[in-house]
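Notebook open, model on screen.

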Amino acid sequence: MSTSEALSSGSTFPPLKAGTLRIYSNRICPYAERARLVLAHKDIPNEVVNIHLSKKPEWFLEKINPLGKVPAIQKDDKIVYESAVCCDYLDQVYPGNKLTPDDPYQQARDRILVEHFGQVTTQYYKMLFGPSENCAAAAETLKKGLMEFDKEIQKRGDFFGGSEPRMIDFMVWPWFERFHATEKLVNQIFISDGSMPNLTAYMDRMISFPAVQKCRLSTENHLEFYQSVKNGAPNYNVGL
């Protein structure tokens, strides 16, 4: 986990040494965590530059990603962005500890599952940041969506990737990491009530996986960040 503070508007572009792989990230962003998990799992040497997502540096928008999102990957004059694109790119350029299945059909099924997980995250953010009167309904819809994943992992094995974590796991894990903090923040129980034993066991296995240990923030850190968002002043340096 990077210990550098997030760079914001008014900052200068940090010089990039030739041949260095750099990830533009954010300590709290789940999409950036996807790419950091891949980097950690593959043990790819890299330099991290954290970006303040509410006050983005002008140079980041001009030179790196006009969409203003993290993660972005840069090596010399090559730049890619969007979390899934970055992860696939890293898996191809650095083939050791390959994360993507060789079977095209399994690749397709995994990507379909990630698309379905997008419906889960939609309800997650509605519950987290939507009107308080809609929170309970969003939590219930979120729980129904997660129940499908509880059934799915029972079919797949210890992980969504089978006997060990694969790319599919790194695509969905960052939100699982945040679920306990979210339950505390919104006072809604959607995964800790014992109704999804397969996902609960999955979370216990993933939390001890080396790449996750290197990249994760604590439940307390996530809770502190979400509280700062609700207070109108997001603290992207939480935990430093």
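**Helix pair.** I started with helix α4 (residues 104–129) and helix α5 (residues 135–156): their axes come within 7 Å and cross at roughly 160 degrees. That makes α4 roughly antiparallel to α5 (angles over 145 degrees count as roughly antiparallel, under 35 as roughly parallel, 65 to 115 as roughly perpendicular, the rest as oblique). The axes are lines fitted to C-alpha atoms, for helices over the stretch in contact, with angles from 0 to 180 degrees between N-to-C directions. Helices here are DSSP runs of H or I with at least four residues, strands are runs of E with at least two, and both are numbered from the N terminus.

I noted the crossing of α4 and α5 as left-handed (the near helix is turned anticlockwise from the far one by less than a right angle). In the contact (heavy atoms within 4.5 Å), α4 brings residues including L113, F117 and V120, and α5 brings, among them, L142, L146 and F149. I sorted the contact residues into 11 nonpolar, five polar and five charged.

**Ground rules.** The model is predicted, so I kept in mind that local features need pLDDT of at least 70 and side-chain atom pairs pLDDT 80 or more, while totals for chains, interfaces and linings use all residues. Residues are numbered from 1 along each chain as its sequence is written, and side-chain values use heavy atoms, leaving out hydrogens and water.

**Rings.** I found 23 aromatic pairs in the structure (ring centres within 6.5 Å; planes under 30 degrees apart are stacked, over 60 edge-to-face, the rest tilted). F159 and Y202 are edge-to-face, because their centres are 6.3 Å apart and their planes are at 75 degrees. F159 sits in the loop between α5 and α6 (167–186) and Y202 in helix α7 (residues 197–207), so this pair ties together parts 43 residues apart in sequence. F159 is buried at 8% relative accessible area, and Y202 is buried at 0% (buried is under 20%, exposed over 50%, partly exposed in between, with a 1.4 Å probe and protein chains only).

I also checked F225 with Y236, a tilted pair at 5.4 Å centre to centre and 45 degrees between planes. Both are buried.

Most residues other than glycine have a negative phi, and most peptide bonds are trans. I looked for exceptions. V70 and P71 are joined by a cis peptide bond, omega about 10 degrees. E82, not a glycine, has a positive phi of about 85 degrees and is partly exposed at 31%. N187 has a positive phi of about 60 degrees and is exposed at 67%.

Terms used:
Nonpolar A, V, L, I, M, F, W, Y, C, P; charged D, E, K, R; others polar. Phe/Tyr/Trp six-rings, centres within 6.5 Å; stacked < 30°, edge-to-face > 60°.
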